[in-house]
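Please read these points with the model open beside you.

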Amino acid sequence: MNLFAKRAIVALRGWVGPNWRDFRKERQPLVLCLALAIGLGAGIAAIIFRELIGIAQWFWLGSRSEQTLTAAAGMPWWVIVAGPVVGGLVVGLLLQRISVRRAGGVADVIEARAFTGRKLGMADGLWSALVSAISVGSGASAGREGPIVHLGATLGGVIARRAALPEWCRRTLLSAGVASAVAASFNAPFAGVLFAHEVVLGHYALRSFVPIMIASTAGSVLSRLWFGPDASFSVPAYAVASYWEFPAFVLLGLVSAVVAILFQFALFIADFAARRVDIPLWTRPVAGGVLVGAVGVFFPHILGVGYELTDLALSEQLPLALVLSLIVLKTVATAISLAARFGGGVFAPAMVVGALTGSAFGMIASGLFPDMASSGGLYAMLGMGAVAGAVFGAPISTAMIVFELTGGYALAIALLLTVAVAQGVIQAVHGHSWFQWQLRLRGLDVREGPHKPLGASVRVMDFMEPVAAGGEPLAYDPERGGTALKPTDTLDAALRALDTGGHERLPVVDPADSTRIIAWVSLVAALRHFNQALVQTSVEEHR
């Protein structure tokens with residue numbers, strides 16, 4: 001071997017070796033394998049969940065198809081009412097059985113990602129999925145995507161915890177479960193990857209992309225094998241009639257933002273009002289089922305997920321007066337369903353309302369400018385993305401979902417403009433996505449950066465300095481000893497106590513015996529731990 005070859009081998013080892021060691025040290029080979037397993041598991045769970053919805057609907061309408069409107073059209077009025085009422089009774093009894101206020105959703109997943117101490121239990125995830133499947137299958141106006149995301153994230157989180165992986169791995173695998181669930185639900189692998197990063201993980205990092213993409217691919221493949229490769233909606237090949245229409249797209253973005261804000265406020269007001277009604281938990285879904293069923297007798301379009309209604313809006317098969325009525329009624333039905341503690345998400349209802357908004361806008365525009373305006377179906381696609389993106393604070397992944405659901409990639413420029421305008425108005429006027437608003441009502445604000453979740457999730461036991469083993473036990477007088485901490489106190493509480501009293505250090509007492517000091521916490525140690533955690537978060541977001 002000549003000298004050049006030897007030097008090349010040495011250089012190659014010096015280049016590849018450190019990267020490979022870091023790759024293994026971070027346990028990325030295991031993470032990739034687990035991501036594949038989670039993707040397959042979440043994909044199977046999403047398929048089962050969708051089939052459960054069909055089974056629940058079969059008991060009600062005699063059909064497992066997502067064409068709820070067609071199935072309900074030939075049913076007597078009492079059957080239409082009985083579905084949400086009986087389904088509400090079953091849901092209420094289940095909620096009473098598992099002692100929870102509502103089924104889990106995307107906000108719970110974001111909370112579990114941001115606050116590492118908040119875990120998603122497998123039992124809660126399964127119960128939540130069952131409640132949501134019965135809710136949607138019995139006619140409640142809700143989406144299936146939120147429960148599927150919660151179930152996929154639960155699976156990813158449980159596997160990551162049992163594998164005893166670092167925090168960044170746990171967050172990545174939790175997001176991998178979300179990506180697979182979204183991909184399997186929508187048959188949209190790209191949207192699954194983007195949604196997991198944009199909404200759940202909260203940042204884009206190359207180290208997380210690969211496992212999340214693997215999981216999303218696995219979920220999408222399983223979904224296509226089971227349900228087929230076709231897009232969810234079959235729409236004509238729409239095209240923009242003229243570039244002079246772009247001011248109309250901007251105006252549609254503004255209208256969509258207003259509709260998105262009103263949609264969120266309707267959900268909030270209904271939930272606020274429901275909390276003021278003092279009735280047993282198990283009766284809440286029944287009462288909500290009565291209201292939804294009564295509306296469904298006259299407007300069966302509002303029942304269930306609403307994909308058939310979206311298809312009709314995209315295909316321009318609805319008159320203007322009915323479209324305007326359904327925008328209001330679908331919003332009200334969704335607000336009632338979720339306030340009544342039916343399980344389900346808001347993604348599909350937001351898309352339905354958005355498609356109706358765009359359809360109405362397009363019909364009005366066509367009437368005013370018949371020679372310049374494109375079809376109402378094109379505007380319905382744009383409105384679907386704009387309203388849903390504004391509600392969820394996820395403009396990129398929502399636009400990709402619209403592309404993959406409809407195959408309308410030719411509308412990319414118009415869709416991106418409309419979604420961007422709607423998102424910009426939401427940020428300027430409202431400032432929150434629906435998920436962020438839900439978390440803020442719980443006293444959590446993920447918009448302020450990682451320091452807030454760290455201060456609330458890190459415990460004193462993580463950085464306290466235990467007293468020397470074998471030494472004399474230290475006594476503490478609660479009445480004269482001043483401030484003391486417990487091992488379960490948060491980092492925020494410790495820093496506040498140290499700063500308020502001007503202490504350099506404080507004692508940590510035994511939770512079972514408040515007179516015995518078991519450790520000390522110094523201001524330096526607390527700040528050091530806090531800074532190290534912030535550095536690790538920054539590294540995670542940039543690797």
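1. A residue is called buried when its relative accessible area is under 20%, exposed when that area is over 50%, and partly exposed in between, using a 1.4 Å probe and protein chains only. Trp-58 counts as partly exposed because its relative accessible area is 47%. Ile-55 has 39% relative accessibility and is therefore partly exposed as well.

2. This is a predicted model, in which local features need pLDDT of at least 70 and side-chain atom pairs count only at pLDDT 80 or more, while totals for chains, interfaces and linings use all residues. Residues are numbered from 1 along each chain as its sequence is written, and side-chain values use heavy atoms, with hydrogens and water left out.

3. The protein has 22 helices and 4 strands. Both are DSSP runs numbered from the N terminus: helices are H or I with at least four residues, and strands are E with at least two. Of the 543 residues, 54% are buried. A contact means heavy atoms within 4.5 Å. Among contacts with a separation of 6 or more, 78% are between residues 24 or more positions apart.

4. The accessible surface comes to about 24,000 Å², and carbon and sulfur atoms account for 64% of that surface. Such areas come from the Shrake-Rupley method with a 1.4 Å probe; for residues, only the protein chains shown count as cover.

5. Which residues form a nonpolar patch on the surface? They are Ile-44, Ile-48, Leu-52, Ile-55, Trp-58, Phe-59 and Leu-130, with about 670 Å² of accessible area together. Patch residues have over 30% relative accessible area and no salt bridge; like charges are joined within 9 Å, and nonpolar side chains (Val, Leu, Ile, Met, Phe, Trp, Tyr) within 5 Å. A salt bridge is a side-chain nitrogen of Lys or Arg within 4 Å of a carboxyl oxygen of Asp or Glu.

6. Helix α2 (residues 28-61) gives the most to this patch, with 6 residues. An α-helix has 3.6 residues a turn, so residues three or four places apart point the same way. Leaving out residues up to four places away in sequence, Trp-58 touches Ser-63 and Arg-64. The C-alpha atoms of Trp-58 and Gly-137 are 8.1 Å apart, although 79 residues separate the two in sequence.

7. Helix α7 (residues 145-162) has 18 residues and spans 26 Å from first C-alpha to last, close to the 26 Å expected at 1.5 Å a residue. The expected span is 1.5 Å times one less than the number of residues. α7 is mostly covered, with 15 of its 18 residues buried. After α7 comes Ala-164, which has a positive phi near 55 degrees.

8. Helix α18 (residues 412-429) also has 18 residues and reaches 26 Å, close to the 26 Å expected. Its buried residues include Ala-414, Leu-415, Thr-418, Val-419 and Ala-422. Just after α18, Gly-431 has a positive phi of about 85 degrees.

9. How do the strands pair? Two strands pair if DSSP finds at least two bridges between them. Strand β3 (residues 505-510) runs antiparallel to β4, joined by 6 bridges, and the two form a hairpin with 2 residues between them. Asp-510 has Asp-513 of β4 as its bridge partner.

10. Strand β1 (residues 465-466) pairs with β4 (residues 513-522) in the antiparallel sense over 2 bridges, and Pro-466 stands opposite Ala-519. Strand β2 (residues 474-475) pairs antiparallel with β4 over 2 bridges, where Leu-474 faces Ile-517.
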